[in-house]
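Read it alongside the model.

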Amino acid sequence: MSDDPKVTFSEGAGAVAGAVPRAAPGAVPDTVPEAVPDTVPLRARVRSLGPSMTRSVQAVAETVAADPAGCSRLTVSALAARTGTSEATVVRTARLLGYPGYRDLRLALAALAAQQDSGAAPAVTADIAVDDPLADVVAKLAHEEAQTLADTAAGLDLTALGAAVTALANARRIDIYGVGASALVGQDLAQKLLRIGLVAHAHADPHLAVTGAVQLRPGDAAVAITHSGSTGDVIDPLRTAFERGATTIALTGRPNAPVTHCADLVLATSAARETRLRPAAMSSRTSQLLVVDCLFVAVAQRTYETAAPALAASYEALAPRRSARSPRP
């Protein structure tokens, strides 16, 4: 799922081949957020776009996602009546979800309903109750994790991913920003890149992150990881890196979120629906780690001649620490 189908890149020494001029930092996006590409499952699109929707648009979007079969049989006026909105809001919602008009949305809903009738729809959900048996908890979480990974893989912009791989593989230095659960993902990416010989630093402290970003220049890369896309402690260092000419990459689950305004490349992630027992920070981490693994493997492929010996050397250096040691007397 790509947050922003428009991919912009840096100019100058840090630019990626085939790039177009980057937008000015802090540029304000269009009033109506751009839709997530139509390769993304409808429920995942609604989840990602939800925070940027108005209340009336969200009502329409959630209704069609919850009952595609029923809504596919409704006229635009009937759906407006069912959701307590207007016909204009229904049409606007259809376009926001990636369809030219309401007729196209109805056709897509009918196809989705047919798929569900064929038995393709899962029988479990992630609505975990306080008194759910452990077996049900495991089944529900396993289903949601699998669906989150599938949604992220289906919506991942391969053009942006390829450009991000190029930027990381060629970078003199890579800074990674994240706080909370995203900081853990950032540390995972940094340690993976370090093992193949790249210079990578994960910053969870916002002051150190900005201090490091000031030192970046064209030819460097900066990665911001934030599911909400609005975490100031992550946006500030990425904006600084952007202004210094480094290639900036955002991993986020929110299309047109503030973090994307200073990102040359946007890698979109999905997340399971947030519940009382499972906040967004938990469900988003699964998709973030998938994207991190995609970046790492692709960078390792791109730099195999140096990555393979570096991996072997790190494995050899750590081997003695994996063996059991006799306790001291």
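## Helix α4

Helix α4 covers residues 76–83, and its buried residues are Leu-79, Ala-80 and Thr-83. Viewed down the α4 axis, these buried residues fall within an arc of 105°, so they line one face of the helix.

The model is predicted.

## The sheet

Five strands make up an open sheet. Their order is β2-β1-β3-β4-β5, with parallel pairing. The edges are β2 (200–203) and β5 (265–268). Each has a single partner strand, so one side of each is left without a neighbour in the sheet. From one strand to the next, the twist averages 15°.

Strands β3 (residues 221–225) and β4 (residues 247–252) run parallel and are joined by five bridges. Opposite Val-223 stands Ile-249 in β4.

## Helix α9 on the sheet

Helix α9 spans residues 181–195. It lies across β1 (174–177), β2 and β3. Relative to β2, α9 runs at about 170°.

## Helix α13

Does the length of α13 agree or disagree with its residue count? Helix α13 has 19 residues, 304–322. At 1.5 Å a residue it should span 27 Å. The end C-alpha atoms are 25 Å apart, which agrees.

Where does α13 bend? The bend is at Glu-316 and amounts to about 25°. A proline, Pro-320, follows within four residues. Buried residues in α13 include Ala-307, Ala-310 and Ser-314.

Key: Residues are numbered from 1 along each chain as its sequence is written. This is a predicted model: local features need pLDDT of at least 70, side-chain atom pairs count only at pLDDT 80 or more; totals for chains, interfaces and linings use all residues. Side-chain values use heavy atoms; hydrogens and water are left out. Helices (H or I, at least four residues) and strands (E, at least two) are DSSP runs, numbered from the N terminus. The expected span of a helix is 1.5 Å times one less than its number of residues. The bend at a residue is the angle between axes fitted to the seven residues ending there and the seven starting there. Buried means under 20% relative accessible area, exposed over 50%, partly exposed in between (1.4 Å probe, protein chains only). The arc is that of the directions from the helix axis to the C-beta atoms. Two strands pair if DSSP finds at least two bridges between them. Axes are lines fitted to C-alpha atoms, for helices over the stretch in contact, and angles run from 0 to 180 degrees between N-to-C directions. Contact means heavy atoms within 4.5 Å.
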